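Welcome, and have a look at the model below. A short tour of a few helices and loops follows.

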Amino acid sequence: MLYRSLFCLFVGFLSVCGMSDVEMELYREKAKAMFYHGYDNYMRHAYPRDELKPLSCTGVDTWGSYSLTLVDAMDTLLVMGNHSEFLKVYDIVRRTNFDINTNVSVFETNIRIVGGLLSSHLLSYKVPLISLDSDWPCDGPLLKLAVDIATRLLPAFETETGLPYGTVNLKHGVPWNETTVTCTASCGTFILEFGVLSRLTGGPCL
């Protein structure tokens with residue numbers, strides 16, 4: 001998500017500043033260089049761990065132990081037109097198994113995993129070598145993964161207010177001692193990703 005935000009920030013900034021085509025191309029290349037600096041070093045030093053520790057150049061599992069940065073970066077590869085690298089990542093990610101005994105941040109998992117899978121799914125039509133399901137965009141391996149992980153987040157919403165707990169175990173649900181303390185960002189962010197899931201699947205619970 002960070003990569004997407006940086007890229008969109010640059011593009012949005014350029015579009016309102018009256019820059020020349022040459023200047024815009026310069027900043028596009030700078031944005032791409034920033035992305036690949038992070039992505040290439042993650043793949044070199046941290047994969048298959050969740051994140052790269054930039055000072056020690058080592059990997060660490062922080063948000064679920066399922067190569068979170070790789071999932072998070074997929075759609076940016078497509079936005080930047082790197083179809084060959086996307087295909088490599090796609091082949092890895094579509095085999096992800098979320099049926100694991102691990103506690104995850106509900107907020108981070110939603111915006112980075114559910115969101116990353118959905119945007120990659122919806123952009124995958126740009127890649128000629130990917131054979132889309134006949135029911136696409138309402139079916140496909142990345143969408144199935146998004147539904148799977150989102151369903152595992154649903155126990156977090158079983159509160160008196162309907163506002164979600166901050167942590168959920170992907171196999172066993174909400175930890176027994178989890179706090180109900182939350183914030184507006186954690187509560188409101190689900191509207192986008194879960195709304196898209198409902199639109200694509202017709203599922204009332206997502």
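## Ground rules

Helices (H or I, at least four residues) and strands (E, at least two) are DSSP runs, numbered from the N terminus. This is a predicted model, in which local features need pLDDT of at least 70 and side-chain atom pairs count only at pLDDT 80 or more, while totals for chains, interfaces and linings use all residues. Residues are numbered from 1 along each chain as its sequence is written, and side-chain values use heavy atoms, with hydrogens and water left out.

His121 is buried, at a relative accessible area of 2%; buried means under 20% relative accessible area, exposed over 50%, and partly exposed in between (1.4 Å probe, protein chains only). Leaving aside neighbours within four places in sequence, the contacts of His121 (heavy atoms within 4.5 Å) include Trp136, Pro137 and Leu200.

Two of these partners are worth a second look. Trp136 and Pro137 are joined by a cis peptide bond with omega about 10 degrees, and Pro137 sits in the loop between H5 and H6. Leu200, in turn, is one of the buried residues of H8.

## Helix H8

The buried residues of H8 are Phe190, Glu193, Phe194, Leu197 and Leu200. They cover an arc of only 125 degrees around the axis, which puts them on the same side of H8; the arc is that of the directions from the helix axis to the C-beta atoms. These buried residues pack against H5, helix H6 (141–153) and helix H7 (184–188). On the face turned away from the buried side, H8 carries the exposed residues Ile191, Leu192 and Arg199. After H8 comes Gly202, with a positive phi near 75 degrees.

## Helix H4

Helix H4 (residues 83–93) has Glu85, Phe86, Val89, Tyr90 and Val93 buried. Down the axis of H4, these buried residues fall within an arc of 140 degrees, so they line one face of the helix. Their cover includes helix H2 (21–45), helix H3 (68–79), H5 and H6.

## Backbone details in the loops

Most residues other than glycine have a negative phi, and most peptide bonds are trans. The bond from Tyr47 to Pro48 is cis, with omega near 10 degrees, and Pro48 lies in the loop between H2 and strand E1 (51–53).

Cys57 has a positive phi near 55 degrees and lies in the loop between E1 and strand E2 (58–60). Ser65 has a positive phi near 65 degrees, in the loop between E2 and H3. Cys57 is partly exposed at 35% relative accessible area, and Ser65 is partly exposed at 43%.
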